Amino acid sequence: GIESEAGIVMDADSGAVLFGQNIHVQKAPASITKILTALVVIENSSLDEQVTMTATGVSGVTDGGANISSQLDEVFTMEQCLYAIMVASANDIALQVAEHVGGSVDAFVQTMNTRAQELGCTNTVFTNPTGLPDENQHITAHDMALIMEAAMANDTFRTIAATTSYTLPATNVSGGERVLTNNFTMINSTSDGYYKPCIGGKEGYTEASGSTLV
């Protein structure tokens, strides 16, 4: 058994479900939304693209979620952005890359949903690229496994997802570097949940009280 209400173990080669518990029950995806955000970005951009922060991304600094305190007109490479999203779970950067790649956040979210359908997801709706709570955003454990399988088949994603610490060098705006650390328990050797064979992933949670960490 598992502690979670829903869970799945899927064979990455065959897609066979080895273990399943409530795998088709709709749940809030929270921060694992960013796995698909990152995959769609990787598939639709190059790592050396320059991403300039606009009001869209900077709004993620004050939305109550994780961020890297990005500032207006600050410039990052797409590679740096992907590390910020996966290592620091940065909402500000997730919003900005969505706008950068999609032209608008809404257009990017449409691409996320299309990609999820292409991967075989049948019970998934994304409404934002961050995972911040939205009553219309939901996923199932089965569909998340399909997304994770596709993401882990991507070399760039796999490298980033396995990273526990990443240093963002000083930018055109910031006075110094930022050291980002991954709080994903399964790849953090100091955590109770550390699992050495784990090659990467993401976790997030929402609380019934309405507060959230994503």
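Is Tyr83 buried or exposed, and what is its relative accessible area? Tyr83 is buried, with a relative accessible area of 9%; buried means under 20% relative accessible area, exposed means over 50%, and partly exposed lies in between (1.4 Å probe, protein chains only).

The legends below describe a predicted model, in which local features need pLDDT of at least 70, side-chain atom pairs count only at pLDDT 80 or more, and totals for chains, interfaces and linings use all residues. Residues are numbered from 1 along each chain as its sequence is written, and side-chain values use heavy atoms, with hydrogens and water left out.

**View 1. The whole protein.**
The protein has seven helices and eight strands. Helices (H or I, at least four residues) and strands (E, at least two) are DSSP runs, numbered from the N terminus. Of the 214 residues, 46% count as buried. Contact means heavy atoms within 4.5 Å. Among contacts between residues at least 6 apart in sequence, 60% join residues at least 24 apart.

**View 2. Helix H3 and the residue that follows.**
Helix H3 covers residues 78-88, and ten of its eleven residues are buried, so the helix is largely enclosed by the rest of the structure. The buried residues of H3 include Met78, Gln80, Cys81 and Leu82. Tyr83, Ala84, Ile85, Met86, Val87 and Ala88 are also among them. Ser89 lies in the loop between H3 and H4 and counts as buried at 8% relative accessibility.

A pair of aromatic rings is described by the distance of the centres and the angle of the planes. Rings of Phe, Tyr and Trp (its six-membered ring) pair if their centres lie within 6.5 Å; planes under 30 degrees apart count as stacked, over 60 as edge-to-face and the rest as tilted. The structure holds one aromatic pair. Tyr83 and Tyr166 form this pair, which is stacked, at 4.0 Å centre to centre and 0° between the planes. The pair links distant parts of the chain, since Tyr83 is in helix H3 and Tyr166 is in strand E5 (residues 165-168), 83 residues apart. Tyr166 counts as buried at 17% relative accessibility.

**View 3. The crossing of H3 and H4.**
The axes of H3 and helix H4 (residues 91-102) come within 9 Å and cross at roughly 140°. Axes are lines fitted to C-alpha atoms, for helices over the stretch in contact, and angles run from 0 to 180 degrees between N-to-C directions. H3 and H4 are therefore oblique to each other; angles under 35 degrees count as roughly parallel, over 145 as roughly antiparallel, 65 to 115 as roughly perpendicular and the rest as oblique. On the H3 side, Met78, Cys81, Ala84 and Ile85 meet Ile93, Ala94, Val97, His100 and Val101 of H4.

**View 4. Helix H4 and what covers it.**
The buried residues of H4 are Asn91, Asp92, Ile93, Ala94, Leu95, Gln96, Val97 and Ala98. Their cover includes H1, strand E3 (50-52), H2, E4, H3 and H5. The expected span of a helix is 1.5 Å times one less than its number of residues. For the twelve residues of H4 this gives 16 Å, and the end C-alpha atoms are 16 Å apart, which agrees. Just after H4, Gly103 takes a positive phi of about 90°.

**View 5. The crossing of H1 and H5.**
Helix H1 (residues 33-43) and helix H5 (residues 105-118) have axes that come within 10 Å and cross at roughly 100°. H1 and H5 are therefore roughly perpendicular to each other. Thr33, Leu36, Thr37, Val40, Val41 and Glu43 in H1 meet Phe108, Thr111, Met112, Arg115 and Ala116 in H5.

**View 6. Asn128 in its loop.**
Asn128 is found in the loop between H5 and H6. Asn128 is buried, with a relative accessible area of 13%. Leaving out residues up to four places away in sequence, Asn128 touches Thr33, Val109, Met112, Asp134 and Gln137. Asn128 and Ala98 are 30 residues apart in sequence and 9.1 Å apart in space, C-alpha to C-alpha.

**View 7. Asp73 in its loop.**
Asp73 lies in the loop between helix H2 (55-58) and strand E4 (75-77). Its phi is near 70°, a positive value in a residue other than glycine. At 47% relative accessibility, Asp73 counts as partly exposed.
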